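Hello,

Here is the structure for your files. My notes on what was found follow below it.

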Amino acid sequence: MFVASGMHIFAKNYGVAAWALLALLFLLYPHVQYWRAARAADSVKTELDNLLIDSFLLGLFMAALEFPLWLSFAAIMATLTNNAANKGWPSVPKNVLAMLAGALIWVTVRGFKFSPDTGWPLTIFCMVGICGYVLVIGNVGFQRNLQLRRVREELRTREQELLKANQSLVVNLQEIEALQQQLREQASRDSLTALYNRRYLDTTLDRELASCKREGKPLSLIMIDVDDFKKYNDLHGHQAGDQCLIAVAKTLQASAKRASDLAARYGGEEFLLVLPGMDATAAQGLAEELRRSVEALKIPHEQSRGGSVTISIGLAVMTNDSHKDVAGLLRAADEALYHAKHGGRNQVRLATQTRRAARVAESVAVNLVQLVWHPAYESGQAELDAQHRALFGHVNNILAALLLERPVDEVAALIDTLIGDVAKHFEDEEKIILAAGFPGAAAHAAMHRELIAHAGYLVSRFKTRDLDRGEPFQFLAHDLVARHILGEDREFFPHLSA
Ligand SMILES: Nc1nc2c(ncn2[C@@H]2O[C@H](COP(=O)(O)OP(=O)(O)OP(=O)(O)O)[C@@H](O)[C@H]2O)c(=O)[nH]1
């Protein structure tokens, strides 16, 4: 435009003022605009705003040159195309108005003059200039399209990468969560037996007890200790001892059948079974079943009384009026366990429930109603002696339950268990005395049958409340223990040691 305008001014010989205006518009003014844009807070917006001033000045300039047709056409085309390309269609009418305003101001001040002709060199120059300008704008559009497509592709690739990264992040998070869960689980488990450890127990027992108290439910606590475990270790080695503990722990875990039951290793060869909501009768049945299950494992233990690994169990029950806190409950279970150990091991003992019951139990001990095993009762045959000792323990449990006036169902369940054990013992005893050549073996077996039949009869009457507590007491303490085990059984003792 600068060259074309210069050509026109020269051809028309407009004089110094026109040259000055040309220099002002095309040489000085662009620098002012650049300086303004560079200093502005939003330089892009300022530059776009400058386009409107450009249009105004161009209208003014074309009016000053008396509206040369080709030059004006080229200037209007370039200006409007530039605006449309940079600011879109809506800017076109505004710029047309700005040009008209510029022309109008000039015409108003200097008067209207119209000389549209341009010489052929300028006409051709304008035509070529317009073509060149349109081509440049077209090429700029093409380049921008190309760039846009590249940016879009790059964006799509980045989006895919982000998506993948996001997916692997989700997988990582899940792995971290699983690991945290595993760590939490490991921190609360005993490494040898995989049962809950004491730390976990300490944190949950309080909560379980409080919850049962709130709901008015009982909570049974079973304390288990492996019998003569030191001797087992000494005899079989520590590693075998570990395997033995694992086997006992598995049996214990199998007893914790409800989701709320909790089996834990309390320390060394001591375990705990926490049974929220379970009353004494059910817990006693479960403890007895557990004792038998460990016995049934038949893990050889030459220095134990029965020849295999056994456990002693102390049971305490939290009810509305007994063992209300964890410490008291643990102490009671521990005391019961102590009594189980001192009653001959391989047995279950229930902790005394209330002060009254404690007094009764004390009186039981004082009055020697509890049976006390004595070495003089031993036959010399290890298996029989172990069974006799275990029966003493069971009978003591039942005698205590009778004296403590435990519910009939509870006592009946204990007697049922005892009859099962007695029947098994009689069977074993009959085999042993037959093999030992005891001549009275057949008569002795007949006595066994009589005792079992009588026991069955008493239990059925006891269950229907057709019998007071004295008769089972008499049968157990006198008929079974004093007369048979400590009396009639002694007949075959000499044959066993022979
Ligand atoms: N193998 C093995 N032995 C253990 C472990 N923890 C404790 N013990 C052993 O268990 C034995 C416990 O012995 P004591 O407390 O004297 O009791 P006990 O020999 O079982 O006798 P009673 O309980 O009276 O029947 C000790 O010899 C301990 O070394 C263990 O994790 N693995």
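**Helix 14 and helix 16**

The axes of helix 14 (residues 408-435) and helix 16 (residues 470-485) come within 14 Å of each other and cross at roughly 20 degrees. An angle under 35 degrees counts as roughly parallel, and helix 14 and helix 16 are therefore roughly parallel to each other. Please note that this is a predicted model. The crossing of helix 14 past helix 16 is left-handed. On the helix 14 side, the contact is made by I415, L418, V422, F426 and E429; on the helix 16 side, by P472, L476, L480 and H484. Sorted by class, this contact has seven nonpolar residues, one polar and one charged.

**Helix 1 and helix 6**

Helix 1 (residues 2-12) packs with helix 6 (residues 120-187) at an angle of about 165 degrees, and their axes are 10 Å apart. That angle makes helix 1 roughly antiparallel to helix 6, since the cut-off for this label is over 145 degrees. Here too the crossing is described as left-handed, with helix 1 passing helix 6. Helix 1 contributes V3, A4, M7 and H8, which meet P121, L122 and F125 of helix 6. By class, the contact of helix 1 with helix 6 has six nonpolar residues, one polar and no charged ones.

**Annotated spans**

An unreviewed UniProt entry lists residues 56-80, 92-109 and 121-142 under "transmembrane region". How much of residues 92-109 is helix, and how much is strand? In the model, that span is 100% helix and 0% strand, with its end C-alpha atoms 26 Å apart. Residues 121-142 are likewise 100% helix and 0% strand, and there the end C-alpha atoms lie 31 Å apart. Helix 6 covers residues 120-187, and its residues P121, L122 and F125 are the ones that meet helix 1.

As background, strands of a sheet pair through backbone hydrogen bonds, either parallel or antiparallel. Strand 4 (residues 311-318) and strand 5 run parallel and are joined by three bridges. Opposite R349 in strand 5 stands G314.

Regards

Conventions:
Residues are numbered from 1 along each chain as its sequence is written. This is a predicted model: local features need pLDDT of at least 70, side-chain atom pairs count only at pLDDT 80 or more; totals for chains, interfaces and linings use all residues. Side-chain values use heavy atoms; hydrogens and water are left out. Axes are lines fitted to C-alpha atoms, for helices over the stretch in contact, and angles run from 0 to 180 degrees between N-to-C directions. Helices (H or I, at least four residues) and strands (E, at least two) are DSSP runs, numbered from the N terminus. Angles under 35 degrees count as roughly parallel, over 145 as roughly antiparallel, 65 to 115 as roughly perpendicular and the rest as oblique. A crossing is left-handed if the near helix is turned anticlockwise from the far one by less than a right angle, and right-handed if clockwise. Contact means heavy atoms within 4.5 Å. Ala, Val, Leu, Ile, Met, Phe, Trp, Tyr, Cys and Pro count as nonpolar, Asp, Glu, Lys and Arg as charged, and the others, Gly among them, as polar. Two strands pair if DSSP finds at least two bridges between them. UniProt positions are given in the numbering used here, feature names are shortened, and annotations may be inferred rather than shown by experiment.
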